[in-house]
Each structure stands twice: as structure tokens, then as C-alpha cells.
Amino acid sequence: MNNRGRKKGADGEKSRELLMEIAAKQFALHGFHETKISTIVKEAHVTQPTFYLYFKSKEAIFQELVDMFKGKLHTLVEQSRLSSDIESAELQKRIANGLTAIFRLFQDNEQIARIGFFGSEESFDMKKKMAKQIEENLATEVENGYFHDNVDLNTVAIAIVGVIEHLTLTKLWKGINSPEELAEEMTKLFLYGLILVPSTGTIQNTSEL
């Protein structure tokens with residue numbers, strides 16, 4: 001029986017991980033349609049039978065990469081929801097920590113993120129679901145008394161996703177700012193905005209003007 005290209009045990013798992021790593025890079029650089037299995041296996045120094053041992057097709061490995069990123073992102077957004085027992089002095093730090101973890105995901109998985117969040121047919125749906133998840137987090141946080149309820153939470157959630165997306169492209173991946181720096185700036189923006197608080201410590205409601 002011909003077992004050429006067949007890996008087992010730990011070596012097999014390493015081969016699979018290597019194929020996924022190289023595929024992520026190729027998809028990010030060239031897109032789905034221009035990426036070829038022959039290029040992936042050549043760079044991985046394995047045979048095409050080895051590729052098909054782990055993946056049924058190019059579509060299968062692409063989808064697995066997208067699903068992997070989607071799952072990690074969903075978990076981090078879920079974990080970013082504020083618990084009900086946070087002291088007010090710790091609120092800003094706790095929010096920034098959640099955003100930092102998300103930016104780190106984009107930083108540490110740039111190639112997969114370029115596929116899943118920016119380059120796949122599912123990217124729009126992924127951002128929509130992320131915004132919905134953030135909106136649900138915000139609704140719970142409003143109930144817990146952290147934020148006021150006089151803004152549309154769906155709009156806020158969509159804005160948060162948009163800011164994360166744009167800062168990742170223009171700042172994070174260009175090496176201009178770190179995940180921590182971007183998270184801190186985002187937190188200050190969404191918590192305090194751009195308005196200068198008067199010396200009285202109160203902000204006049206513009207709807208009353």
C-alpha cells in the first residue's frame with residue numbers, strides 16, 4: 001500500500017498546522033481564487049496527497065481558517081462583557097483590557113484576519129454578528145448601571161466594529177500603534193467623547209438648548 005505523503009501522530013499534526021499557516025499567508029496575499037494548492041504544498045515541502053489527507057479541497061482549508069478566526073473573535077467579544085461587580089475606578093481599565101485582547105487577535109493572526117474579517121464572502125456577516133454581540137453586551141451593561149440608555153446601542157455597536165476595523169488596517173498592521181495604545185484611545189473616545197467638561201463638572205444636554 002502506498003503511504004506516500006501520509007503523516008501520523010505528532011508529525012501529522014505539525015504537517016497540518018504548517019499547511020494551514022502557509023495557506024493563510026497565500027490566501028491573504030493572493031486571495032482565494034489565485035491561491036493554488038500546488039503552491040501551498042510546495043512551500044510546505046509536502047506532497048499533494050498529504051494535503052488531501054487533511055483537507056478535502058482548497059475551499060475546505062479556506063473555510064476552516066475563516067471559522068477559526070470567527071470562533072476566536074466571538075469568544076473574545078463574549079469575554080469583553082463587563083460583569084456586574086466592577087468598581088467605577090476599574091471600569092476604564094476593564095474595557096481597555098477587552099479591546100486590547102481583540103486588537104491582539106488581529107495582530108497575532110494578521111493573515112487569517114485578512115482572510116476572515118476582510119477578504120472572505122462571510123466578512124460582512126461576521127462584522128454584523130460582531131456588532132450584534134457587542135450590542136447585547138452593551139444592553140446588559142446598561143442594565144447593570146454602567147452606561148446611560150439615551151443612545152441607540154445598535155449604532156454604538158456598529159461604530160465600535162468600524163473603529164476596530166479601520167484602526168487595524170491603518171494603525172495596527174502598519175506598526176504605528178500597539179494593541180494597548182489603540183485600546184486606550186478607543187476607550188477614552190467612547191467613554192468621554194471629545195467634549196470638554198466645564199469646571200463645574202457638568203455637561204449641558206444639547207437637546208435642551
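This is a predicted model: local features need pLDDT of at least 70, side-chain atom pairs count only at pLDDT 80 or more; totals for chains, interfaces and linings use all residues.
Colleague: Hi! How are α6 and α7 set relative to each other, roughly parallel or roughly perpendicular?

Modeller: Hello! α6 and α7 are roughly perpendicular to each other, a label used for angles of 65 to 115 degrees, while under 35 counts as roughly parallel, over 145 as roughly antiparallel and the rest as oblique. Residues are numbered from 1 along each chain as its sequence is written, and side-chain values use heavy atoms, with hydrogens and water left out.

Colleague: Thanks. What angle do α6 and α7 pack at, and how far apart are their axes?

Modeller: The angle between α6 (residues 110-119) and α7 (residues 123-143) is about 85°, and their axes are 6 Å apart. The axes are lines fitted to C-alpha atoms, for helices over the stretch in contact, and angles run from 0 to 180 degrees between N-to-C directions.

Colleague: Which residues meet there?

Modeller: From α6 you have Gly116, Phe117 and Phe118, and they meet Ser123, Met126, Lys127 and Met130 of α7. By class, that contact has 4 nonpolar, 2 polar and 1 charged residues. Here Ala, Val, Leu, Ile, Met, Phe, Trp, Tyr, Cys and Pro count as nonpolar, Asp, Glu, Lys and Arg as charged, and the others, Gly among them, as polar.

Colleague: Is Ser123 buried or exposed?

Modeller: Ser123 is buried, its relative accessible area being 10%. Buried means under 20%, exposed over 50%, and partly exposed in between, using a 1.4 Å probe and protein chains only. Leaving aside neighbours within four places in sequence, Ser123 is in contact (heavy atoms within 4.5 Å) with Gly116, Phe117 and Phe118.

Colleague: And what does Gln133 touch?

Modeller: Gln133, which also lies in helix α7, counts as buried at 10% relative accessibility. With neighbours within four places in sequence set aside, Gln133 is in contact with His74, Val77 and Glu78.

Colleague: Switching topic: how many helices and strands are there?

Modeller: The chain has 9 helices and 0 strands. These are DSSP runs, numbered from the N terminus: helices are H or I with at least four residues, strands E with at least two. Buried residues make up 36% of the 209 residues.

Colleague: What about α9, which of its residues are buried?

Modeller: Pro179, Leu182, Ala183, Met186 and Thr187 are buried in α9. They cover an arc of only 135° around the axis, which puts them on the same side of α9; the arc is that of the directions from the helix axis to the C-beta atoms. The buried residues of α9 pack against α5 (91-108) and α8 (153-172).

Colleague: How far apart are the end C-alpha atoms of α9?

Modeller: They are 20 Å apart, which agrees with the 20 Å that the 14 residues of α9 (residues 179-192) should span at 1.5 Å a residue. The expected span is 1.5 Å times one less than the number of residues. Just after α9, Gly193 takes a positive phi of about 65°.

Colleague: Which residue has a positive phi although it is not a glycine?

Modeller: That is His45, with a phi of about 60°. His45 sits in the loop between α2 (37-44) and α3 (48-54), and is exposed, with a relative accessible area of 73%.
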